[in-house]
Amino acid sequence: MSELTFRERPYRTRGGVHAPHHKTTAAIESIMMPAPPMVALPMTQHIGAPCRPIVKVGDTVDVGTVIADTDAFVSAPIHASVSGTVKKIDKITMPDGNKVDAVFIESDGEHRLSPELRPPTVESASDLLTAVRESGLVGLGGAGFPTAVKLNIPSDKYVDTLIINVAECEPYITSDHREVMENSWDVISGILTVKEILDIHRVIIGIENNKPDAIRELRRIADNSADVGDEIRVLPLRASYPQGAEKVLIKACTGRDVPIGGLPSDAGCLVMNVGSIAFISRYLKTGIPLVSRRLTVDGSAIKNPSNVIVPIGTPIRDVIAFVGGYREQPRKLIMGGPMMGIALPDDELYVLKQNNAILAFGEREARLSEESACIRCGKCLSACPMALQPIELADAALCGDIAGMNRYYIMNCMECGCCAFTCPAKRPLVQNIRMGKELIRRDKRDQVVKGGKG
């Protein structure tokens, strides 16, 4: 590992694109949305094993009541986000098209906190892991990986650097920006807690340089905190997409590379989203689990672009109605950002833990360009942050060539979309690569089934 030093400028990273920022809501303070008439809480709101309902129809629940959990290691419990009555447990369709169980809660309008909620006592790493798991926290940057699993650093790994991700490089999204501006002391408190308990002595807050007000605020709290060893620094990053991707961020902040197939801990790093670290601070003070989300609601079809804090499980249509509704009939709805978000069939779906934005676009922005033949210009290769060959991966995926996809390391693709963004032929490269990765997963599942039968 390199010496623990702080740089005034980030290390150079490979590839990336200069996507338009469109940070129109950066200065708009978050508003709190009242409890909707009904919420739906899917059992899959994280990477890993789905939860199982532990409530039944007719049960009365309060805000913070555990309604679903599992014994699986990679998972996180789910809590009621409103007080009211469990009306049904039924299948719903998720943004990826899968059908999962969901608990529907009819709100009583009281938004009554569970009397069982208490701030946890945290005196050790084991206590911290237990508390974070019980909070239901998953990565709030969009990935949805259970945070307790991320904080459970393997005994054979040595982590010396905590990186706080405030890059927020996706166009339109400003929810992390507003977290800093509205809850900066929660950010620093969470950092100090994790830093002390996990015995980490270098903290780098990585933030793109297109957020000067947030940079000033972060430096102010870092300078005025209990950081007696001067081990917390703010590092302004080049405003380039996908600067906030975990592997890219690690390279920019430390100069280290995460090996193919490896994890940040293999590079001596722990990366946490700024919203996640701030939530840990609040949970340790209040005992209130993850029951709400800050969302950026924006796009040309939105009448009043806003940042809004909503109960998890709120119907998207209710969120959009709360900020004033549509300016025009949307032609495309996206959960997340325009580069890595998921296109939605309609606004009948529900806000999930890992959501950070709802975007709605009109006819002009949603229109797809006509695809033409690849001219072998190499722009996709230059743009790829992982030094992959997107055109070869996409062609192998279209042919169902699993050996070819593996030969070109398709599973190391982070699906950032830089290749498709920069392609002059407008080929849907990242979409084809996603399809290819799913073919590989299905092939592995089939091999397991065949092996079991054998």
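User: In which loop does Gly142 lie, and is Gly142 buried, partly exposed or exposed?

Analyst: This is a predicted model, in which local features need pLDDT of at least 70 and side-chain atom pairs count only at pLDDT 80 or more, while totals for chains, interfaces and linings use all residues. Residues are numbered from 1 along each chain as its sequence is written, and side-chain values use heavy atoms, with hydrogens and water left out. Gly142 lies in the loop between helix H1 (125–135) and helix H2 (147–151); helices (H or I, at least four residues) and strands (E, at least two) are DSSP runs numbered from the N terminus. Buried means under 20% relative accessible area, exposed over 50% and partly exposed in between, with a 1.4 Å probe and protein chains only, and Gly142, at 37%, counts as partly exposed.

User: How many Å apart in space are Gly142 and Asp59?

Analyst: In sequence, Gly142 and Asp59 are separated by 83 residues. Taken from C-alpha to C-alpha, their separation in space is 31 Å.

User: Is Lys211 buried or exposed, and which residues is Lys211 in contact with?

Analyst: Lys211 is found in the loop between S10 and H5. Its relative accessible area is 2%, so Lys211 is buried. Contact means heavy atoms within 4.5 Å. Leaving aside neighbours within four places in sequence, the contacts of Lys211 are Val166, Ala167, Glu168 and His177.

User: Why do the buried residues of H5 line one face of the helix?

Analyst: Helix H5 (residues 212–223) has 12 residues and reaches 16 Å from its first C-alpha to its last, close to the 16 Å expected at 1.5 Å a residue, where the expected span is 1.5 Å times one less than the number of residues. The buried residues of H5 are Ala214, Ile215, Glu217, Leu218, Ile221 and Ala222. Seen down the axis of H5, they fall within an arc of 165 degrees, so they line one face of the helix; the arc is that of the directions from the helix axis to the C-beta atoms.

User: Which residues are exposed on the other side of H5, and which elements do its buried residues pack against?

Analyst: On the other side of H5, the exposed residues are Arg216 and Asp223. The buried residues of H5 pack against helix H3 (175–182), helix H4 (184–197), strand S10 (203–208) and strand S11 (232–237).

User: At what angle do H4 and helix H7 pack?

Analyst: Two packed helices are described by the angle between their axes and the distance between the axes. Axes are lines fitted to C-alpha atoms, for helices over the stretch in contact, and angles run from 0 to 180 degrees between N-to-C directions. Residues that meet across this pair include Val187 and Ile191 in H4 and Ile277 and Leu284 in H7. The axes of H4 and H7 (residues 274–286) are 7 Å apart, and the packing angle is about 85 degrees.

User: In what order do the strands of the four-strand open sheet stand, and which strands are at its edges?

Analyst: Two strands pair if DSSP finds at least two bridges between them. The open sheet of four strands has antiparallel pairing and the order S2-S8-S7-S4. Each edge strand has a single partner strand, so one side of each is left without a neighbour in the sheet; these edge strands are S2 and strand S4 (60–61).

User: Which residue in S8 stands opposite Lys91?

Analyst: Strand S7 (residues 84–93) and S8 pair in the antiparallel sense over nine bridges. S7 and S8 form a hairpin with five residues between them, and Gly97 in the turn has a positive phi of about 95 degrees. In S8, the residue opposite Lys91 is Asp101.

User: Which residue in S8 stands opposite Leu41?

Analyst: Strand S2 (residues 38–42) is joined to strand S8 (residues 99–107) by five bridges, and the two run antiparallel. Met38 stands opposite Glu106 in S8. The residue opposite Leu41 is Val103.

User: Which peptide bond is cis, with omega near 5 degrees?

Analyst: Most residues other than glycine have a negative phi, and most peptide bonds are trans. Pro242 lies in the loop between S11 and helix H6 (246–254). The cis bond, with omega near 5 degrees, runs from Tyr241 to Pro242.
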